[in-house]
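Let's take a walk through this one together. Keep the viewer open and follow along.

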Amino acid sequence: MADTGVPVEERHPSTAAAAARERFGWRLFARPESGVIMAAVVIFLFFAIFAPRFLSVNVMSNILLLSAELGIVAVGVTMLMVSGEFDLSVGSVLGLGAGMVVVWLNAGWPVPLAILVALAVAAGIGTLNGLLVTRMQIHSLIVTLGGLMFYRAAVLAITGGFPIRLGEDYPFLELFNFWWGPIPGTFLWFVGFIVLFTIIITSTRFGNWVYASGGGREAANEMGVPVSRVKVLCFACASMLAASAGIIQMSRLNSVDALRGTALELEAVLAVVVGGALLTGGRGSIVGAALGVIMVSMIKQGLILMGIPAFWFKAGIGVVLILAAYINHRVQQATLQ
Amino acid sequence: MTAPAPDNGPPPRLSVRDISKSFGHVKALTNVSFDVMPGEVVGLLGDNGAGKSTLIKTLCGVHKPDTGGFVWEGEEVIFESPRHAMATGISVVYQDLAVIPILSIYRNIFLGRESEVCRKVAGISFMMKEKAKEIAADALSGLGIHVPDVESPVAVLSGGERQSISLARAVYFQHQLLILDEPTAALSLKETAKVLGYVDEARRKGASVIIITHNLSHAWQVSDRFVVLYHGGVADTVRKDEVDLDDLADLINTGRRNGERGVEEEAAA
């Protein structure tokens, strides 16, 4: 284009404004969260109309409560998926985190120590996952599928297959299990993690590396991004957040059982994909994943209130997942052309 | 060691010393040595498979040489990683461009150089995104490259524009050695002239440049000296005033200048 030295806006004021408007609309449309926001609103309105008592404070509190623990897991899974990797072991690690803390508390350990050691073990598990993926070049689906089995077996071993209750009340655990009016404390922890990890992933150097590692491994490496280290750290975050969710859930239920967290990994992947993340990495949003989680909880609650048998929940979620993946794919194609 | 005769000139910015590199049974590089002086543009020439890409990848830390090493401004060094090479003062425009289509233009420009726009709070490097966008826009317009919006993904750009992004980030940031791997491959005539202009400018500012290209006339326009690779070894190192384009073409195709006997023939004689 010939440069006349006249700013574009002065030459064609109307087209410049239209272009700016279009760009604004395009950016809104291109955000990974845009699909899930629309979907969440539609589902909310649907149940508000058709599910009795959906709009009551009790039901809303319950949705928040249901969302919190899955949501904390989903925050870590989002980070990891943006970096281009999967973790199927988060459900088992959630159970293991809760199991370790219950067993150690019943053995007389101080609460903060039990929690810190459990988180350290989780960090170790995540680091091991990451090293197996980056050093041994085994696909993360395989590594963490192995992890899913292995750590579930560990939970079974330490619980003996039976539910274990905490032997006494621990005031320290009120830190995780409290209510702020109608809002469960666990949800506030969830919000805390959303804010923290959104800042990390969107506004730090490490966040840029996470997106780059998932978006183009070779290019990132050529430009000096320590891709393997970034991925290992994301695996460690995912495992630690899963264990945190387990510990928070344990403080609410005062117990652990051998099946705690089963199938949660798939619900987390579902929420993250519905929230706008690409399975191939480089794109995704923690806020989107959080909305995905809340959407899943709304569907769970809403169907119960409508008296629809629980198995339809899975059918509905399945349909939503495929729809969301399709929409994401189209949005991505549209914005990348 | 056939060290250059000691004179009072500055030491080479980079000496490549006896680099060899194999992949399995394939010998990609055999005892490659040459120097790059400050403010000098070296044209690295060679046919496909001559070892140019492998050599470049050892220079920028992607591959480690099996034997041999580098001397950077008088100090021996092996580039452990691209990060290390970059921190030493080497900027690279890769043939594959090393841009990430799904990421925004400004994030691509600061890829691996985030520290230039980071503020450390409690040990964590926060990117100052507004400043990063401003600098990215400046860097691009300073090179006469116009993009609608530095927040759009690189995927919306044409091949030539992507090449410009890759070049802009290499020349914008402080560096002592600029390596350009086929920088004119996807460019129009006008864009090519611009790229060769940047090479001149980098030299004027005292930077050294290694330019790899298939296009002999592009190499001829900007280079002071040529290093010709042939079958993984250095066929010859020549100053521009010692040769003409035909000699270079002969060197590339046969490993020797016209009228000279090749290495293999000499061994056979």
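Which residues are buried in helix 4 of chain B? Before the answer, a quick note: this is a predicted model. The buried ones are B:A132, B:K133, B:A136, B:A139 and B:L140. Those residues cover an arc of only 130° around the axis, which puts them on the same side of helix 4 of chain B. Turn to the face pointing away from that buried side and you'll find the exposed residues B:E130, B:S141 and B:G142. As for what sits over the buried residues, the cover includes helix 3 (105-109), strand 8 (124-127) and helix 5 (159-172) of chain B.

Helix 1 of chain B (residues 52-59) is another one to look at for burial. Here 7 of the 8 residues are buried, so the helix is largely enclosed by the rest of the structure. The buried residues are B:K52, B:T54, B:L55, B:I56, B:K57, B:T58 and B:L59. Just after helix 1 of chain B comes B:G61, with a positive phi of about 85°.

Now for the sheets of chain B. An open sheet is built from 6 strands in the order 6-9-10-3-11-12, with mixed pairing. Why do strand 6 and strand 12 of chain B each have one side left without a neighbour in the sheet? Strand 6 (90-93) and strand 12 (233-239) stand at the edges, each with a single partner strand, so one side of each has no neighbour there. From one strand to the next, the twist averages 15°.

Strand 6 of chain B pairs with strand 9 (residues 177-181) of chain B in the parallel sense, over 4 bridges. To find your place in that pairing, look for B:S91, which stands opposite B:L178 in strand 9 of chain B.

Helices lie across this sheet too. Helix 6 (residues 189-204) of chain B lies across strand 3 (41-45), strand 9 and strand 10 (208-212) of chain B, and runs at about 155° to strand 10 of chain B. Helix 8 (residues 245-254) of chain B lies across strand 3, strand 11 (225-230) and strand 12 of chain B, running at about 25° to strand 11 of chain B.

Strand 1 (residues 14-23) of chain B pairs antiparallel with strand 4 (residues 67-72) of chain B over 5 bridges, and B:R17 has B:G69 as its bridge partner in strand 4 of chain B. Strand 1 of chain B is also joined by 7 bridges to strand 2 (residues 26-36) of chain B, again antiparallel. In that pairing, B:S15 stands opposite B:D35. Strands 1 and 2 of chain B form a hairpin with 2 residues between them, and B:G24 in the turn has a positive phi of about 60°.

Over to chain A, and a pair of packed helices. Helix 8 (residues 185-203) of chain A and helix 13 (residues 286-305) of chain A pack at an angle of about 145°, with their axes 9 Å apart. Helix 8 of chain A brings A:I194, A:F197, A:T198 and A:I201 to the contact, while helix 13 of chain A brings A:I286, A:V287 and A:A290. By class, the residues of this contact divide into 6 nonpolar, 1 polar and no charged.

Zoom in on A:I286, which is found in helix 13 of chain A. With 30 C-beta neighbours inside 10 Å, A:I286 counts as buried. Leaving aside neighbours within four places in sequence, A:I286 is in contact with A:V75, A:T78, A:I194, A:F197, A:T198 and A:I201. The C-alpha atoms of A:I286 and A:V77 are separated by 9.2 Å, although these residues are 209 residues apart along the chain.

Finally, how do the two chains meet? There are 22 residues of chain A in contact with 26 residues of chain B. Helix 9 (205-215) and helix 10 (217-222) of chain A each supply at least two residues of the side of chain A that touches chain B. The largest share of that side, 5 residues, comes from helix 9 of chain A. By class, the side of chain A that touches chain B has 8 nonpolar, 10 polar and 4 charged residues.

Conventions
Residues numbered from 1 in each chain as written. Chains lettered and ligands numbered in written order. Predicted model: local features only at pLDDT ≥ 70, side-chain atom pairs only at ≥ 80, totals over all residues. Pairing = 2+ DSSP bridges. Axes fitted to C-alpha atoms, helices over the stretch in contact; angles between N-to-C directions. Contact = placed C-beta atoms within 7 Å. Nonpolar A, V, L, I, M, F, W, Y, C, P; charged D, E, K, R; others polar. Buried ≥ 20, exposed ≤ 12 C-beta atoms within 10 Å, placed from the backbone. Arc of directions from axis to C-beta.
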